[in-house]
Amino acid sequence: MQSLATECLAGCVRVIDIAIAVDIAKRICNHISTHSDKNKPSGMSNALRLIVSRIAAKPDSGASLGQLAIPIAETLKDSSALTSDVVVDIFTALVDVLDHAGAQIADDAEALDKVQSLLLTYIGNSNTAISRRAVTVLGIFVVSVPGEQSQKALDVIFQRYTDAASKSDRCTMLRVIVTIARQKPELIRGRVSHIIDSELETVNEADSDLRVASLLAFKAFVANAPDLVKPRLGDIYEAGAKATQFDPDYNYDDEDGDLGEDDEMDTGSEDGLDDEFDDDIYEDNEDVSWDIRLSGVKLLSAIAESELATPEMVVQDIGDLLIKRFKEHEDVVRAEILFTYAKLFGMLSQKLVIAKEEPSGMDIDNGIYEMVKQQIPLAVSLLLSSIKAHPKHTETKQLAFVVLARFVPLSIAAVDGILSQILPFVTSTLETSDNAGTSQAATTGIVKANIRIDALDFLLEYAKHAELTAEADDFLFAVTDKFVSVTSSNLVMVQASVYSVSRAIIKLLRSAAKNSEKRIERYLVWLNKITGLAIDVANNKENALQVAVYPLIGASIQQFGDLLSGAVVDEALKCLTTWNQRVDKAHASMDALLHAITKPTHLPEECVVQNASLIMRQASEKLQSTNAKTQQLALALIASLSKYNTTAIDDLGPSTVARIVDIIGATPESPPLMALRAFAGMCTHVSIDTIEKNSMQLLDSLSLATVYDKLSATAMNELYETVGRLFPDVVGSWETTLVGKWVKDYVQFNSLRASRAAAETTQVQNPINRLPVLAKGIIALRSGFCEQSGVSLSDKLVSNVQGKTPKSPEDMASVCLDLRSLGYLAAADSSLKESESL
């Protein structure tokens with residue numbers, strides 16, 4: 001009941017006046033301060049925490065929150081009267097106040113004094129949870145509150161760090177420094193070198209808490225002040241390396257690599273929150289060395305991510321050290337090691353890609369690839385040994401797949417070499433049930449909710465990069481044999497992943513068959529089965545996977561339509577030509593069909609021709625859709641379908657062309673690429689009457705076009721060339737209309753400019769911007785005509801200019817256009833440069 005009341009009160013704060021909310025918070029603070037029972041205030045402290053967070057979420061809440069600094073500080077005066085949960089709640093509320101009202105607190109001397117004194121007192125509290133929370137809040141105080149007082153607090157912190165009489169005091173102050181370094185490193189830059197030198201003297205001999213604090217301080221400095229770390233980088237790396245291997249109470253030589261059920265360790269996992277000193281991430285009362293190793297790994301990770309580490313250092317030093325620690329017996333540390341190793345190779349892959357694209361931007365020796373290639377076999381061997389030693393730790397298996405995926409883009413040849421080793425691991429993972437392999441670990445953020453998804457992610461990455469070597473062929477054949485059973489999973493993400501991987505493998509198989517004539521017949525049983533299952537899913541309106549399976553169906557019949565069974569191909573085309581469904585599914589099916597029928601394709605032409613009338617009718621109807629994507633897909637389908645030699649679409653030609661012209665007219669300055677392609681394609685399926693009927697509207701639009709991107713310009717020229725070649729009788733009228741419209745606009749614009757009607761000319765597009773498009777269009781239009789009639793295009797253009805003396809603005813504009821056209825023609829045909837007439 002108390003928790004419900006608290007939530008209700010916090011919810012009310014969202015809608016009530018902020019002054020009332022602040023008053024409520026003050027009354028709660030007073031209640032906590034004056035209540036004598038230690039157990040009852042816990043509900044009130046929770047309410048305070050929630051209400052303050054709601055106030056902080058309101059815009060411009062700083063001034064109001066500043067009023068709460070003193071009341072909140074007053075509640076903490078007597079720590080003995082409060083439980084640790086209550087204190088932590090109050091500290092959380094104080095963090096919100098500091099974050100949003102630092103400037104207001106800086107102007108209130110009383111609030112400054114009370115908060116600072118309070119925090120300096122609490123960082124020495126005997127309760128670890130309270131003291132560490134106070135450390136965090138003190139760091140936030142220094143970061144958030146500007147001015148002299150926070151600087152004094154910072155001076156006090158460093159003085160107490162320097163003069164610390166005990167390791168515990170020094171550790172506490174170092175934790176505060178780390179908090180500040182992570183959030184506002186410029187505040188401590190002047191002291192970083194001193195702290196590094198001081199901590200390096202004792203880090204390897206320090207007790208657990210101090211050693212962890214030292215390592216995390218190094219990590220913060222590496223991330224936020226790498227220039228100050230650089231002189232001591234070698235020593236800092238060595239400290240991290242030694243910490244990562246520090247395991248005095250465990251004998252790895254006794255480990256047999258096959259732990260029984262009783263030997264499995266049940267540990268927590270780091271929650272990834274801001275406080276790196278959170279005691280809740282793991283707890284082992286008998287051995288605290290795990291925390292040192294964990295901190296060492298995090299330090300090495302920071303070094304690798306920084307500008308300080310070279311690719312060679314990442315692979316040879318850090319990478320080599322981490323793979324030797326795959327044997328780590330504590331789950332939380334092993335997960336961090338695997339995560340860090342995967343992350344490093346992911347970063348290395350990105351750096352190598354950048355180096356290839358911008359050779360001058362990064363100096364990376366090609367020997368890096370060889371280093372990675374040599375390291376992969378050992379890494380995989382130790383990875384599999386770790387999995388065998390800890391068979392019930394799901395996160396180890398999941399991260400193993402992430403590591404394998406990171407190897408793929410760096411050295412596909414090395415991955416091919418270990419496929420036989422990992423095959424049992426991959427296939428057994430795919431055979432797991434939906435309940436098995438579910439990880440709750442949020443340590444990494446890169447593993448999925450189910451281990452089979454991680455396995456499939458690796459297979460997808462592999463299929464995208466692989467060639468069908470003998471090793472890859474055997475591996476993929478064994479793996480695909482498990483896919484059919486995976487599709488029966490109750491988890492949508494697992495099903496979606498297996499269809500995505502199948503699509504990538506289909507593309508790989510066809511590429512291999514084309515390039516190296518490898519036999520792919522043994523995959524046909526699987527291909528027919530997986531395609532049939534995808535069709536069943538697509539036809540089931542209640543199935544959430546409908547959209548996800550269409551790409552597989554399209555890829556399957558595009559790549560293997562000539563080898564799949566006729567029944568499967570027929571069902572696939574029936575599925576992909578059904579668009580009377582919700583928009584996202586219609587888009588998915590149209591896009592898949594587009595890929596399937598666009599040449600070149602292995603889908604037999606007769607299959608397309610048989611469905612041409614249905615596809616054309618539906619696509620033509622979709623041209624009237626107000627949905628832009630629907631319209632674009634319909635245009636693309638029409639453009640692709642027009643490449644087929646069939647009369648099945650001729651009957652719809654006139655109405656389809658008229659709709660395409662309407663689409664071009666909607667944005668004449670930049671006509672859609674697909675509309676231009678669709679019109680050019682439909683020219684082979686309509687008569688000259690249809691072209692003439694639509695010419696005036698089309699030319700009104702094309703005469704205004706200003707196209708800059710290469711694809712659209714090419715598509716427009718193809719349209720002109722097609723019309724000139726197929727309909728030579730309209731070339732003269734088209735050219736006259738296009739030139740006439742441009743000349744008229746050019747003369748009108750220059751007339752306005754000559755009369756200094758600046759306001760008017762700025763409202764009109766300068767026709768000179770359209771000149772390149774028009775000149776190239778005239779060339780394309782005439783080239784199609786000249787190709788058909790055997791007339792020399794250059795001679796025609798030269799005759800337009802030769803001996804002509806412009807006597808009017810219209811003549812000047814016309815000659816300007818002809819000269820531009822000749823220039824483009826000469827640039828495209830080097831032989832014309834020797835032409836005497838030119």
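Among contacts (heavy atoms within 4.5 Å) in the protein chain between residues at least 6 apart in sequence, 74% join residues at least 24 apart. This is a predicted model, in which local features need pLDDT of at least 70 and side-chain atom pairs count only at pLDDT 80 or more, while totals for chains, interfaces and linings use all residues. Residues are numbered from 1 along each chain as its sequence is written, and side-chain values use heavy atoms, with hydrogens and water left out.

The secondary structure of the protein chain consists of 40 helices and zero strands. Both kinds of element are DSSP runs numbered from the N terminus: helices are H or I runs of at least four residues, and strands are E runs of at least two. The chain has 838 residues, of which 52% count as buried. Buried means under 20% relative accessible area, exposed means over 50%, and partly exposed lies in between, with a 1.4 Å probe and protein chains only.

A nonpolar core is a set of buried Ala, Val, Leu, Ile, Met, Phe, Trp, Tyr and Cys residues joined through side-chain atoms within 4.5 Å. The largest such core has 267 residues, and F458 and F483 touch the most other members. Not counting residues up to four places away in sequence, F483 touches L430, L456, L459, V498, V501, S502, I505, W526 and I530.

T179 can be found in helix α10, residues 167-183. Is T179 buried or exposed? Its relative accessible area is 2%, so T179 is buried. With neighbours within four places in sequence left aside, T179 is in contact with V135, T136, G139 and I140.

Y644 belongs to the loop between α31 (628-641) and α32 (653-666). Y644 is buried because its relative accessible area is 2%. Beyond residues up to four places away in sequence, Y644 touches I597, K599, T601, E605, V608 and H685. Y644 and G681 are 37 residues apart along the chain, and their C-alpha atoms are separated by 9.7 Å.

Pockets and cavities are both found on a 1 Å grid over the protein atoms alone: a cavity is a set of points where a 1.4 Å probe fits but cannot get out, a pocket is an open set with protein on both sides within 12 Å along at least five of seven lines, and lining residues have an atom within 4 Å of a point. Grid points are joined across faces, edges and corners, and a volume is the space filled by probe spheres set on the points.

The second largest pocket holds about 360 Å³ of space. Of the 18 residues that line this pocket, A639, S642, K643, R677 and G681 are the closest to its centre. The elements giving two or more residues to its lining are α29 (583-597), α31, α33 (673-682) and α35. This lining divides into six nonpolar, seven polar and five charged residues. Here Ala, Val, Leu, Ile, Met, Phe, Trp, Tyr, Cys and Pro count as nonpolar, Asp, Glu, Lys and Arg as charged, and the others, Gly among them, as polar.

The structure has one cavity of 30 Å³ or more. The largest cavity has a volume of about 70 Å³, and its lining includes L702, S703, Y720, W742 and R770. At least two lining residues each come from α35 (710-726), α36 (731-754) and α38 (771-789). The lining of the largest cavity has eight nonpolar residues, one polar and one charged.
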